[in-house]
Amino acid sequence: MMTTVLRRAILTAAGSEGLRNIVENVPFSRDVVRRFVGGASATEAVGAAAGLAGQGLRVTIDHLGEDTTNRADAEATRDAYLNLLTQLDESGLTAGGKVEVSVKLSAVGQSLGPDGPAVATDFAHQICSSAAEVGTTVTIDMEDHTTTDSTLATIKELRQDFPWVGAVLQAYLYRTEGDCKDLAGPGSRVRLCKGAYREPESVAYQSSQDVAKSYVRCMSILMAGQGYPMLATHDPRLIEIGGSLAAKNHRAAGSFEYQMLFGIRPDEQNRLAGLGETVRVYLPYGSQWYGYLMRRMAEKPANTMLFLRALSSRK
Ligand code: FDA
């Protein structure tokens with residue numbers, strides 16, 4: 001209950017211009033920002049990805065830039081991904097999908113009026129073509145519930161040319177068990193997460209217990225299916241249940257993967273990888289890291305204390 005209140009307070013504060021100014025004026029190099037963000041530039045992100053790959057982890061890189069309000073911004077985001085994929089290829093990181101990219105359709109134009117979804121599909125298609133050329137994959141992030149249908153329609157279209165395009169489903173939405181059934185077919189890459197947006201009771205479970213129960217139901221469907229489930233959670237209980245479901249469904253290591261965010265539970269990431277499991281780290285980068293950082297604060301109030309301490313330190 002307390003956590004929910006704090007989470008809402010942080011998400012509200014995140015919209016405050018004053019707070020934004022303070023946070024953005026913290027030098028980027030401050031440890032706490034670097035703990036969650038791979039860098040401000042593609043070159044820094046590629047360096048961070050190489051470090052993770054060297055530890056036996058897989059990576060999915062997200063270019064931060066969610067508030068795309070015109071076509072030029074959407075083009076710039078697309079170009080950032082094309083440049084990133086070229087740099088990853090040059091560093092030998094893309095083979096076999098070792099390092100892939102995650103794309104938010106809102107960042108490539110989805111919300112630009114009636115033509116937005118078509119623009120986003122077109123730009124995402126170009127990113128997928130480039131990923132195919134360098135031998136890796138793309139996962140399309142899921143955003144708030146008003147975009148779910150449009151995002152799934154784009155994924156369906158992209159999969160006609162690139163069957164490996166990953167979808168994301170959010171366990172907090174009532175609809176998601178049904179979407180899991182629809183997307184559990186052969187080869188279907190589906191990332192299952194709890195969901196990060198503030199959603200109304202009309203569409204989403206509100207309590208953490210109900211969200212966790214839904215996660216288990218959704219995970220059971222995906223793990224029993226014929227696709228490639230990507231279990232995106234830091235929740236120890238859910239990770240344990242994921243392991244049990246893998247055993248129950250005779251899933252060998254490599255027929256599904258665990259995913260966690262950069263900087264969150266790194267010891268657990270290494271522990272699972274050490275057991276031979278496939279673990280992929282979601283690595284965000286870019287100059288627009290503020291909104292991302294605020295969402296991480298809201299999820300784990302302890303992170304906020306860490307951040308506030310860093311703000312007040314002179315290090
Ligand atoms: P939650 O935050 O409820 O934490 C559960 C437990 O995990 C905690 O009680 C604690 O034990 C442990 N834990 C969590 N954080 C910890 C920390 N910092 N240190 C130690 N222990 C910690 N969302 C979305 O809407 N669309 C998307 O496309 C994506 N994509 C995505 C990709 C990947 C790879 C991940 C991991 C997550 C996403 N998300 C997302 C975010 C997701 O929806 C969710 O908001 C966060 O993962 C937090 O939920 P958890 O399942 O980790 O549990």
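Student: Why is helix 12 (residues 290-299) largely enclosed by the rest of the structure?
Tutor: Helix 12 is largely enclosed because eight of its 10 residues are buried. Buried means under 20% relative accessible area, exposed over 50%, and partly exposed in between, with a 1.4 Å probe and protein chains only. Helices (H or I, at least four residues) and strands (E, at least two) are DSSP runs, numbered from the N terminus.

Student: Which residues of helix 12 are the buried ones?
Tutor: They are Tyr290, Tyr292, Leu293, Met294, Arg295, Arg296, Met297 and Ala298.

Student: Before I go on, what kind of model is this?
Tutor: This is a predicted model, in which local features need pLDDT of at least 70 and side-chain atom pairs count only at pLDDT 80 or more, while totals for chains, interfaces and linings use all residues. Residues are numbered from 1 along each chain as its sequence is written, and side-chain values use heavy atoms, with hydrogens and water left out.

Student: Okay, the big picture then. How many helices and strands does the chain have?
Tutor: The chain has 13 helices and eight strands. Of its 315 residues, 51% count as buried. The chain exposes about 13900 Å², and carbon and sulfur atoms supply 54% of that area; accessible areas come from the Shrake-Rupley method with a 1.4 Å probe, and for residues only the protein chains shown count as cover.

Student: What share of the contacts with a separation of 6 or more comes from residues 24 or more positions apart?
Tutor: Such pairs account for 73% of them. Contact here means heavy atoms within 4.5 Å.

Student: On to the sheet. What is the strand order?
Tutor: The open sheet of eight strands has the order 3-2-1-8-7-6-5-4, with parallel pairing. Two strands pair if DSSP finds at least two bridges between them. Strand 3 (138-140) and strand 4 (167-170) stand at the edges with a single partner strand each, so one side of each has no neighbour in the sheet. On average, neighbouring strands are turned by 30° against each other, direction ignored. Axes are lines fitted to C-alpha atoms, for helices over the stretch in contact, and angles run from 0 to 180 degrees between N-to-C directions.

Student: And how do strands of a sheet pair in general, through what kind of bonds?
Tutor: Through backbone hydrogen bonds, either parallel or antiparallel.

Student: Let's take strand 6 (residues 228-232). Is it mostly covered or uncovered?
Tutor: Mostly covered: five of its five residues are buried. Tyr228, Met230 and Ala232 point one way from strand 6, whereas Pro229 and Leu231 point the other way.

Student: What connects strand 6 with strand 5 (residues 189-193)?
Tutor: Four bridges join these two parallel strands, and Arg191 has Met230 as its bridge partner in strand 6. Between them the chain crosses through helix 9 (residues 208-224), making a right-handed β-α-β crossover. A crossover is right-handed if, with the strands pointing away from the viewer, the path from the first strand over the helix to the second runs clockwise.

Student: Which strand does strand 6 join by three bridges?
Tutor: That is strand 7 (residues 257-261), and the two run parallel. Met230 has Glu257 as its bridge partner there. The chain gets from strand 6 to strand 7 through helix 10 (residues 236-248), in a right-handed β-α-β crossover.

Student: Changing topic: where is Glu199?
Tutor: Glu199 is in the loop between strand 5 and helix 9. It is buried, with a relative accessible area of 9%. Its C-alpha atom is separated by 7.4 Å from that of Asp144, 55 residues apart along the chain. Leaving aside neighbours within four places in sequence, Glu199 has contacts including Asp144, His145 and Tyr172.

Student: Which residue has a positive phi of about 50° although it is not a glycine?
Tutor: His250 does. It is in the loop between helix 10 and strand 7, and it counts as exposed because its relative accessible area is 73%. Arg265 has a positive phi of about 55° and is not a glycine either; Arg265 is partly exposed at 33%.

Student: Last one: how many disulfides?
Tutor: The count comes to zero, where a disulfide is a pair of cysteine sulfur atoms within 2.5 Å. As for cysteines, Cys128 is buried at 0% relative accessible area, and Cys193 counts as buried at 18%.
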